[in-house]
Amino acid sequence: IAPEDNPKLEGTPVLGFKLNDSTFDSVKARLRNYKVLEGESYADGRLLGNDGSGFDIEGLQSTNFAFDANNKLVGVSMSFKEANKMSHETYRKLVDYVKARNYKVVKVVAPFVGNQSTEFSTPKQDMITVNSPHLDFNIYVEYATQRFDQARTDYLQQQSSQQQNREATNF
């Protein structure tokens with residue numbers, strides 16, 4: 001039985017998959033128009049991408065699936081086309097979809113003008129972020145396990161530190 005079909009596995013659901021339960025092979029078997037992406041995820045696993053097809057979600061342009069070293073799904077990112085940038089129609093709709101699952105709202109940034117985002121926490125302590133950057137006609141949605149989010153933060157801090165060291169040396 002595939003992890004997605006096993007009712008005993010209770011990972012956070014996303015696009016028919018389950019964080020921490022779905023595997024590289026089980027995701028790949030259900031994706032249409034996928035490709036294995038170059039490089040590794042922040043969690044030292046492989047990456048899959050697709051063009052958004054096969055999910056029957058209006059405006060979905062692309063998806064990326066990140067796995068850890070044990071081939072478990074630890075992150076999913078999606079890109080959507082904003083239907084109406086002035087009213088933030090798609091952004092509001094996507095936030096409402098996540099709210100309907102009764103996840104805890106952790107942070108809301110909603111200025112009259114500027115970047116908008118809403119962050120949620122699931123019962124499994126996974127993070128969901130819906131982000132609408134100012135002057136961008138796309139909405140970005142990310143589901144990430146705590147472990148994946150921490151690995152990304154650590155990696156980005158290390159890259160920033162290395163960059164500062166290079167600049168200081170070259171200055």
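## A buried arginine and its partners

Arg152 has a relative accessible area of 16% and is therefore buried, where buried means under 20% relative accessible area, exposed means over 50%, and partly exposed lies in between, with a 1.4 Å probe and protein chains only. The model is a predicted one, in which local features need pLDDT of at least 70 and side-chain atom pairs count only at pLDDT 80 or more, while totals for chains, interfaces and linings use all residues. Residues are numbered from 1 along each chain as its sequence is written, and side-chain values use heavy atoms, with hydrogens and water left out.

The side chain of Arg152 meets that of Glu142 in a salt bridge, at 2.6 Å from N to O; a salt bridge here is a side-chain nitrogen of Lys or Arg within 4 Å of a carboxyl oxygen of Asp or Glu. Because Arg152 lies in helix 3 and Glu142 in strand 10, this pair ties together parts that are ten residues apart in sequence. Helices (H or I, at least four residues) and strands (E, at least two) are DSSP runs, numbered from the N terminus. Arg152 also meets Asp149 in a salt bridge, at 2.7 Å from N to O, and these two residues both lie in helix 3, three residues apart, about one turn of the helix. Asp149 counts as partly exposed, at 27% relative accessibility.

## The sheet and the helix packed on it

Eight strands form an open sheet in the order 3-4-5-6-10-9-8-7, with antiparallel pairing; two strands are taken to pair if DSSP finds at least two bridges between them. Strand 3 and strand 7 (104-109) are the edge strands, each pairing on one side only. Neighbouring strands of this sheet are turned against each other by 15° on average, direction ignored. Helix 3, residues 146-170, packs on the sheet and touches strand 5 (60-68), strand 6 (73-81) and strand 10, its direction making about 115° with that of strand 10. Contact means heavy atoms within 4.5 Å, and axes are lines fitted to C-alpha atoms, for helices over the stretch in contact, with angles that run from 0 to 180 degrees between N-to-C directions.

Strand 10 is largely enclosed by the rest of the structure, because five of its seven residues are buried. Strand 6 is joined to strand 10 by seven bridges, and Gly75 has Ala144 of strand 10 as its bridge partner. Five bridges join strand 9 (residues 127-132) to strand 10 (residues 138-144), where Met127 stands opposite Ala144 and Asn131 opposite Tyr140.

Strand 8 (residues 116-121) runs antiparallel to strand 9 and is joined to it by six bridges, with Ser117 opposite Asn131.

Most residues other than glycine have a negative phi. In the hairpin of strand 8 and strand 9, which has five residues between the strands, Gln125 takes a positive phi near 65°. Leu135 likewise takes a positive phi near 65° in the hairpin of strand 9 and strand 10, with five residues between the strands. Asn71, in the loop between strand 5 and strand 6, has a positive phi near 65° and is partly exposed at 28% relative accessibility.

## A salt-bridge network

By the rule given above, the count comes to five salt bridges. One of them joins Glu4 and Arg30, whose closest N and O atoms are 3.8 Å apart. This pair links distant parts of the chain, with Glu4 in the segment before strand 1 (13-14) and Arg30 in helix 1, 26 residues apart. Glu4 is buried, at 9% relative accessibility, while Arg30 is partly exposed, at 41%. Glu4, Asp5 and Arg30 are linked in a network of salt bridges.

## The loop between strand 3 and strand 4

Gly39 lies in the loop between strand 3 and strand 4 and counts as exposed, at 55% relative accessibility. Leaving aside neighbours within four places in sequence, Gly39 is in contact with Gly45 and Leu47. Tyr42 has its place in the loop between strand 3 (34-37) and strand 4 (44-50), and counts as partly exposed at 33% relative accessibility.
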